[in-house]
Amino acid sequence: MNFVSNTGRHRQRITPSAGRLSGKAALITGAGRGIGRAIAVRFAQEGAAVAVTDRDFGAANDAASELRDSGAQARAWRMDVTDRSAVETVIDEAADALGGLDILVNNAGIIVFGSLMDCKPEDWNKIMAVDLTGAMHCTQFAARRMIRQARGGRLIHIGSTASLLPTAEQAAYCVAKAGLRMLSRMAAMELVKHGITSNLLCPEGAVTDINRDLLADPAIMSKLESMIPAGRMATVEEIAALAAFIASDEAAYITGGELVHDGGATIGALWWR
Ligand SMILES: NC(=O)c1ccc[n+]([C@@H]2O[C@H](COP(=O)([O-])OP(=O)(O)OC[C@H]3O[C@@H](n4cnc5c(N)ncnc54)[C@H](O)[C@@H]3O)[C@@H](O)[C@H]2O)c1
C-alpha cells in the first residue's frame, strides 16, 4: 500500500510489511462506515489483513474494495451481529480466508435516544441485541478460534463515555455500553491465560451517521463542544489510531482496561473556560 511518510529529507514509502500489525488478521464488525471503517483503514495501513463485516453488505463491500485498491488484503462479509449462527459462520470463514484471527473489534452499534422513564421495551431490546448481545456472540466465537490457534489475540470493544457516565436521553444505550464494559472485563479475566487481551475504548464522540442528524443542529453541536475541554469532537481517524495501538504487540500488557478518548470530557471539572 502506498502510504508516504514525510520525515524530513528521508521521504519514504511505508509498506504494510513495515506496519505494527503486519502478519495479523483482524475482523471488524460494523466496518462499512464511520468508526469501524476508519479502524479497517488504519489496520490495513498497519499491515493487517482485514475482514470488513457489516449488516449492510454494500457498505462493507465498498470499504473492502477501497482497501484492496490500495494494495491491502481485505474481504467483505455480510454479518448481522444479532444473528448468532451468522456470526459463527462468518468468523470461521474469515479466519480460514485470512490465515487465522488475531484481532476482533466489536464496533457495530446503534442508538435510540430517550430517557429511562420513556424507554419502550422494543427499543431497549433492539439496543441490547446489537450493542451488548451481539458483542457477546462475536467475543465467544472469536476467542474460541484464538484459543485453538494458541497465538494470543486482541479483543477490542467500542464502548463510549456512556459506558462510564449516565448521559441524558441515552438511557438504554448507556446501560448497554456499561454492560459492554463488564463483558470486556470478564473476557480479560477469563482469557488472559491464553495471551488474549480485552479492552474497552470509550470515545466521547465523532461525527458519523449515528449522530449526524442530531449534530447538524448548530445549537446542539456547540453545546456538546462546550462540554469537551478540548473544544471539539474527535475524528474517526483519531479513534482508529488508539485501536491500532491496543491491537499491536506493544499493548500486550494492557488488559481489562478502559481507554477513554474524550478530549477531557470526563475529567469531572466543574468549569474550564
Ligand atoms: N460516533 C460517536 O460519536 C460514537 C461515540 C462513542 C461510541 N460510538 C460507538 O462507535 C461504534 C461505531 O459507531 P459509528 O459512530 O461509527 O456509527 P455508524 O452508524 O456510522 O456505523 C455503525 C455501523 O454499524 C453497522 N451496524 C449496525 N447494526 C449492526 C448489526 N446488527 N450488525 C452488524 N453491523 C451493524 C451499521 O450498518 C454501520 O455501518 C458504535 O458502537 C457506537 O456506539 C460512537
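**Entry 1: ground rules.** I am working on a predicted model, where local features need pLDDT of at least 70, side-chain atom pairs count only at pLDDT 80 or more, and totals for chains, interfaces and linings use all residues. Residues are numbered from 1 along each chain as its sequence is written.

**Entry 2: helix α3.** I took helices (H or I, at least four residues) and strands (E, at least two) as DSSP runs, numbered from the N terminus. Helix α3 covers residues 84-98, and its 15 residues reach 21 Å from first C-alpha to last, close to the 21 Å expected at 1.5 Å a residue (1.5 Å times one less than the number of residues).

I then checked burial, calling a residue buried if 20 or more other C-beta atoms lie within 10 Å of its own, exposed if 12 or fewer, and partly exposed in between, with C-beta atoms placed from the backbone. Val87, Val90, Ile91, Ala94, Ala95 and Leu98 of α3 are buried. Down the axis of α3 they fall within an arc of 125°, so they line one face of the helix; the arc is that of the directions from the helix axis to the C-beta atoms.

What covers those buried residues? The cover of α3 includes β3 (25-28), β4 (49-54), β5 (74-78) and α4. On the face turned away from the buried side of α3, I found exposed Ser85 and Asp96. Just after α3, glycine 99 takes a positive phi of about 80°.

Conventions: Two residues are in contact if their C-beta atoms, placed from the backbone, lie within 7 Å.
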